[in-house]
Amino acid sequence: MAHIIVVGNEKGGAGKSTVSMHISTALARLGHRVGTLDLDLRQRTMGRYTDNRSKFLASQNLDLPSPTYMELPEVDPAALQPGENAYDHRLSAAVAQLEQSSDFILIDCPGSHTRLSQVAHSLADTLVTPLNDSFVDFDLLAHVDASGDKIQGPSVYSEMVWNARQLRAQAGLQPIDWIVLRNRLGAQNMVNKMKMEKALERLAKRIGFRIAPGFNERVVFRELFPRGLTLLDLKDLGVKQLNISNVAARQELRDLIKSLNLPGVTVKF
């Protein structure tokens, strides 16, 4: 069976699609068969990325390893039983189809609470939650007191992950490996940065997730999107030497893939 990676966070602007693009393309470049789904049916950032990649590679007559993208199939409402949800069937059908030809299935969730996102979380073998280094974003995981030092209780997203874990346990499946990525870290050792680090470490022990480094804010991610490229593709386009920022971003991606500890994956870039 394919290993399912879900990239989820109910708050927008955390970098979910950027993380999804890079994980899926990195795994494809490492020789794995990767299928992808975008559950943000309106914005489709992940879907747009794969469209851009296909068109650009075709225009340049290039054949680079790439993830496969699939739209959710439509379901005939007449075929549904009373009380059945059409979105459940659409997601199940897509996963079942991708499993036939994929080592990994990556699901990019929207930045809001939807039925599709809720179901996807219960399917996750690995859950990746990008989180900006801010207590505004931390509030998605847990509530803290005014000092930022005391955790008062889990928040709505953590409760949804808990429910997803319960569903998997009832189905006899392996527990979700939950990884919180600290995205857009500042270069300076600010007080807020240190408080966030301590708060995340306390919460990780309390509700059970691993902490991993994500991406710093870099212009190159936005520049490459219209062509559907990542930093790993640049040498294939004739770029012989990366600048310092690009080298650092490549190392961040390497560290991210290693931290996921995915089965059968050896990082070679």
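User: Where is Glu-10 found?

Analyst: Glu-10 sits in the loop between β1 and α1 (16-29); helices (H or I, at least four residues) and strands (E, at least two) are DSSP runs, numbered from the N terminus. This is a predicted model, in which local features need pLDDT of at least 70 and side-chain atom pairs count only at pLDDT 80 or more, while totals for chains, interfaces and linings use all residues. Residues are numbered from 1 along each chain as its sequence is written, and side-chain values use heavy atoms, with hydrogens and water left out.

User: How do you know that Glu-10 has no salt bridge?

Analyst: A salt bridge needs a side-chain nitrogen of Lys or Arg within 4 Å of a carboxyl oxygen of Asp or Glu. The nearest side chain of opposite charge to Glu-10 is Lys-16, 9.9 Å away. Lys and Arg count as positive and Asp and Glu as negative, whereas His and the chain ends are not counted. Glu-10 is also buried, a word that means under 20% relative accessible area, with exposed over 50% and partly exposed in between (1.4 Å probe, protein chains only).

User: What joins the side chains of Glu-10 and His-113?

Analyst: A polar contact of 3.0 Å joins them. The term covers a pair of N or O atoms within 3.5 Å; within protein, one must be able to donate a hydrogen and the other to accept it, and residues adjacent in sequence count only if both atoms are side-chain atoms.

User: Why is Asn-61 called exposed?

Analyst: Asn-61 is called exposed because its relative accessibility is 72%. Asn-61 lies in the loop between α2 (45-59) and β3. Its phi is near 55 degrees, a positive value in a residue other than glycine.

User: What makes Asn-261 count as exposed?

Analyst: Asn-261 has a relative accessible area of 62%, so it is exposed. Asn-261 belongs to the segment after α9 (244-260), and its phi is positive, about 55 degrees, although Asn-261 is not a glycine. Most residues other than glycine have a negative phi.

User: Which are the edge strands of the open sheet of seven strands?

Analyst: The strand order is β3-β2-β4-β1-β5-β8-β9, with parallel pairing. The edge strands are β3 (68-69) and β9 (210-213), each pairing on one side only. Two strands pair if DSSP finds at least two bridges between them.

User: How many bridges join β2 to β4?

Analyst: Five bridges join β2 (residues 34-38) to β4 (residues 104-108), and these strands run parallel. Leu-37 stands opposite Ile-107 in β4.
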